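Visitor: I am new here. Could you walk me through this one and tell me what the terms rest on?

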Amino acid sequence: MPRIKIDHKKCTGCRHCEAACSSEHYDGSINPKKSRIRIFIEGERFYPVISGPPTDAECTSKIDYVLHGEEYDECTLCRASCPTRPWFREPDTDVALKCDFCGDPPDPKCVNVCISGALELTGVEEEKKEAA
Amino acid sequence: MHAWAGKILRVDLSEREYDIEDLDPYFAKMYIGAQGTATRILYDEVDPTIDALGEENKLIFSTGALVGTGAVTGIRSVWAAKSPLTGGIAFSNVGGYFPAEVKFAGYDMIIFEGIADDPVMLWIDDDEIEIMDADHLWGKDVFETEDIIKSEIDDPWKAMDTRIASIGPAGENLVKIAAIMSDKHRAAARCGIGAVMGSKNLKAVVAHGTKDVSVAVPEAFNKSVNAALGAIRASERASKVFPAYGSAGLVNFYNEVGLLPHMNFKKMALPEAHKISGQAVADGYLIRNQGCFSCPMSCGGPAEVKEGPFEGVSHRPEYETHALMGPNCGIYDPEALLKGNNECNRLGIDTMDMACQVSCAMELYEEGHLPESDAGMKLNFGNGEALVTLIQQTAYREGLGELIAEGGATLAEKYGQPDLFIGVKKMGYAGYDARNAYGMALGVVTSTRGGCHCRAYTLVREALAHAFGPKEMAVDPVSMQGKAEMLMMMQNMQTALVDCAGFCQFSMSGQPPPLLFPQLATATGVNYTMPEVVINGERIWNLQKMFNLKAGITKADDVLPKRLREEPATAGPGKGKNPDVETMLKYYYMLRGWDEEGVPTPQKLAELGLEGQGL
């Protein structure tokens, strides 16, 4: 199965992926608020988050993560487009956004522009072999 | 319009009103963005003879044309005004995230006019503009200001996507070397631009934007972006060395060739430099590297000193800060450097001018001109704690800080040694010793904003090409031959194609001009040719020169500091010699189409479409 592997330790927070993603899905217009990948930035840490299936309502219970000794709400790194936060929803229409790997075969533009190596596409070769 | 948002936000702080104007497409094409558009507006609307800290000055934030398009490193923008430091035109370049957020809110430029009667901040949330009271922020440092503003936003997600530019106590106290800081550690530092913001009682500008930025020919644009990224990937220096060590990765190299100044430009090529190199900071203190919006080179990043007197998390300094705050102050302790850099960021001060003042104070002290009783402390070269104390005193105009805050040779004059301030047009000299690169000597002297190295980075050919290639680009650093031509070409091109377009100069080590031009042309959709873009740069340069001439800055100010003119180089290719800037200058003026006094001739102005703009 194609996957985008995220190594947050390599992410430099340049957000070029956000620009590339929105450009791909909006006929060349750039708008990070419409990107299906967002970089969660806090202090000196950057966490790329790629949108998954949307949800209609907020979770009724939550998990807290402890990362580098700091506590984070589950929403922070959640992949869902959810009514409780503006991420992964079009700001003007509220339409939910979900990563589609930029088509089939997968050609994710976020990975293409990521020079730091934080994003990597894996599992494509493996799938080709299986198909053969 | 494409790439440009097409709108200018004009804010009258005295009346607390604002207007939104259209950006004229022809104006945008001719002046591109950033310092270009800002220069023309300043030239047309601000009398160069006014008091820079008075009501008539205008403070302009102007984004580069490609900001927000995803062009590679397309983020650089400027804050511009008449400078309270030099008295000439001021434009201070900055990256980070803030400029892109302004563009995504739908504005290419923000023009601030007048003076608010009480401290205010400007909120921009797409079309919703508000001028709000900022009494509770006045007196706070830059970091506190950003934290407080973000904590006041109800929605934490929106707070995360909100970007802030602000001044610290230095700007509030009208310190003439104050910076405007954004994203906490990104500085629009030079020319004392922070004091202009302070004089307007404007504490902060807050931006949140959700609009699209379009490009004219997406397919061709994406191709040009990919070509540039490919070239950066292929360049060891751009994709490996720069992210790892930042621009300060060149400290060791520039020390070897005698360009890194030591002890207020008294010495060069001392072996201690390696202790304070970019490598030393990266290996010992860097937490991670960090990039501005759409920049793969990520030369910044947080760095931490874990214990001792300089403990704390700060940001990796840039080469200039390394050079001037380190070796030029005789400081070879990276921890003192990191602390000094962080204090400047926190209080909102230009690290370069601050460091030039400190190295001057240290020499005054060591030579016995400045008594310890006046300083209230020992000011010997290498004293990191004195550096930190002087930075704090300057922000609050206490002790020697009162003199330092006035910038230029104020401190040096007070102690009878004006020539110990190393600077040009009252601005502290950049961290490259002119005695080992004559093109750079001429460049700093002719820069339209003062003692600044970044209007044309001749060292690409005078130093870097010798060591890292391409060899055919290398020129003799201490020959005068061809330097005026080379410099003028670089100034014109860099102004338009790099600075106004919004590219970062650092990126040119990976994406040279032939890769920049297609990004600009396909994003804006303007049917530019490369020579047209360069002529736009020349036009902008001439306007800046005219502004300065009208402000009273003349040929007499196009002069190297006495030390660099008269005391011969002690190492490097120029050993035993000094650059003859006067000779080069004559030729440079002639090439520029300026008269012997450096005044653009009516013919030159007419040729550039600037008829009737002469003195």
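Guide: Start with buried area: the accessible area (1.4 Å probe) that two parts lose on being put together, summed over both. What you see is a predicted model: local features need pLDDT of at least 70, side-chain atom pairs count only at pLDDT 80 or more, and totals for chains, interfaces and linings use all residues. Residues are numbered from 1 along each chain as its sequence is written, chains are lettered from A and ligands numbered from 1 in the order in which they are written, and side-chain values use heavy atoms, without hydrogens and water.

Visitor: What is the area buried between chain B and chain A?

Guide: About 2,900 Å², with 57% of that from carbon and sulfur atoms. Three residues supply 25% of what chain B buries against chain A: B:Trp157, B:Asp212 and B:Arg288.

Visitor: How many residues does the contact take from each chain?

Guide: Contact means heavy atoms within 4.5 Å. Chain B gives 38 residues and chain A gives 37.

Visitor: Why is the link between A:Lys34 and B:Asp212 called a salt bridge?

Guide: The term asks for a side-chain nitrogen of Lys or Arg within 4 Å of a carboxyl oxygen of Asp or Glu. Here the closest N and O atoms of A:Lys34 and B:Asp212 are 3.1 Å apart. That is within the 4 Å limit, so the pair qualifies. Between chain B and chain A the count is three salt bridges.

Visitor: What makes a polar contact, and how many residue pairs between chain B and chain A are in one?

Guide: A polar contact is a pair of N or O atoms within 3.5 Å; within protein, one must be able to donate a hydrogen and the other to accept it, and residues adjacent in sequence count only if both atoms are side-chain atoms. Between chain B and chain A, 16 residue pairs meet this, both residues at pLDDT 80 or more.

Visitor: Which helices of chain B supply at least two residues each to the side that touches chain A?

Guide: Helices (H or I, at least four residues) and strands (E, at least two) are DSSP runs, numbered from the N terminus. Helix 3 (98–104), helix 5 (156–160) and helix 8 (218–234) of chain B each do. Helix 8 of chain B brings the largest share, six residues. By type, that side of chain B has 17 nonpolar, 13 polar and eight charged residues. The nonpolar group is Ala, Val, Leu, Ile, Met, Phe, Trp, Tyr, Cys and Pro; Asp, Glu, Lys and Arg are charged; the others, Gly among them, are polar.

Visitor: What makes strand 9 and strand 12 of chain B a pair?

Guide: Two strands pair if DSSP finds at least two bridges between them. Strand 9 (163–166) and strand 12 (202–208) of chain B have four, and run antiparallel. In one place, B:Arg163 stands opposite B:Ala207.

Visitor: What is the strand order of the sheet in chain B that starts with strand 8, and why are strand 8 and strand 11 at its edges?

Guide: The order is 8-7-12-9-10-11, an open sheet of six strands with mixed pairing. Strand 8 (128–133) and strand 11 (186–188) of chain B each have a single partner strand, so one side of each is left without a neighbour in the sheet. The twist averages 20° from one strand to the next. Angles run from 0 to 180 degrees between N-to-C directions, and axes are lines fitted to C-alpha atoms, for helices over the stretch in contact.

Visitor: How many bridges join strand 1 of chain B to strand 6 and to strand 2?

Guide: Five bridges join strand 1 to strand 6 (109–113), and those two run parallel. Six join strand 1 to strand 2 of chain B, which run antiparallel. B:Asp12 stands opposite B:Glu113 in strand 6, and B:Val11 opposite B:Tyr18 in strand 2. Strands 1 and 2 of chain B form a hairpin with four residues between them, where B:Arg16 has a positive phi of about 55°.
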